[in-house]
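Have a look at the structure, then read on.

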Amino acid sequence: MSVADSDTAVSSGASRHPAEPLRALVTGYDGYRLAGFEPGIHLGLPSPCLTVIVTIDEPLDIAAQATPEQAPGRFDTLASGIATAPVTIRHDGNQHGVQLALSPLGARSLLGVPTAALGAWVVGLEELLGPDAGELTERLSREPGWDERFAILDEVLTRRAEPAEIDPHLTRAWHLLVADGGIRVGEVAREVGWSRRHLVNKFVAEYGVTPKDVVRLSRFHRSHRMLKGAAGATLADVSVVCGYYDQAHMARDWRDLAGVAPSRWREIDPFSFVQDPYHDDGAE
């Protein structure tokens with residue numbers, strides 16, 4: 001069963017930018033409710049943002065983690081860093097919750113840790129937010145509407161936000177790498193006035209991934225958004241717009257980062273539309 005041919009499946013949700021004071025920290029909120037689908041799995045795909053999820057009703061059942069060293073688990077709330085592999089989520093045909101995309105600055109300000117401290121691991125949000133994680137779960141579950149839920153997120157996150165900063169050389173490097181899917185790491189190193197080796201070492205220490213990883217993730221994320229947001233877009237069109245050499249290059253990146261080719265992903269993942277494609281690529 002797919003979204004297109006189901007008479008009984010229900011999908012609804014909403015997407016918002018956060019309140020103005022949070023916009024350097026959180027690139028967007030995505031609320032989702034999916035019901036009546038056939039049980040199965042779907043893929044949580046990599047991106048250059050950190051992921052925070054607060055579920056409503058049932059926990060999220062992660063059947064395979066992005067890092068093979070981490071065991072599967074069920075989470076009422078979770079946070080994860082930047083990964084270069086997908087997570088596999090088992091579902092019974094229903095999912096309900098809110099997903100937040102955080103920038104690396106948001107990790108420091110809201111979660112109290114650098115992005116690299118999380119790496120590709122998934123942790124319960126209570127490990128980072130303490131009682132605020134339980135407050136979010138309880139209050140979001142009580143509200144029936146997305147506007148009210150997003151207002152709660154704004155309130156709690158604004159209250160939590162602490163002053164934070166990242167080395168401006170790293171911030172500049174991040175923006176260059178995220179903005180240009182074809183830029184070379186050596187060019188970025190020259191732009192910020194560091195050697196390539198120094199840039200890579202400092203970058204991994206802060207973000208947990210290499211500069212080259214971020215170029216690939218950003219290009220992949222743009223293709224992911226376009227495939228979700230433009231139903232009539234051909235794979236050839238998407239590959240050109242997103243900065244790939246050709247469609248075969250995009251397919252190789254998808255197999256590396258998602259585990260499947262983009263054409264196959266469109267066929268097998270009925271929840272591929274959950275996130276609204278408006279998000280920026282993240283980050284300050």
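R160 and D132 pair up in a salt bridge (a side-chain nitrogen of Lys or Arg within 4 Å of a carboxyl oxygen of Asp or Glu), with their closest N and O atoms 2.9 Å apart. R160 sits in helix α5 (residues 146-160) and D132 in helix α4 (residues 131-142), so the pair ties together parts that are 28 residues apart in sequence. Helices here are DSSP runs of H or I, at least four residues, and strands are runs of E, at least two, numbered from the N terminus.

This is a predicted model: local features need pLDDT of at least 70, side-chain atom pairs count only at pLDDT 80 or more, and totals for chains, interfaces and linings use all residues. Residues are numbered from 1 along each chain as its sequence is written, and side-chain values use heavy atoms, with hydrogens and water left out.

**Salt bridges**
- The count comes to 17 salt bridges.
- R159 and E135 also meet in a salt bridge, at 2.8 Å from N to O.
- R159 lies in helix α5 and E135 in helix α4, so this pair ties together parts that are 24 residues apart in sequence.
- A network of salt bridges links D132, E135, R139, E155, R159 and R160.

**Burial**
- Both R160 and D132 are buried, where buried means under 20% relative accessible area, exposed over 50%, and partly exposed in between (1.4 Å probe, protein chains only).
- R159 is partly exposed, at 44% relative accessible area.
- H249, in helix α11 (residues 247-257), is buried at 9%.
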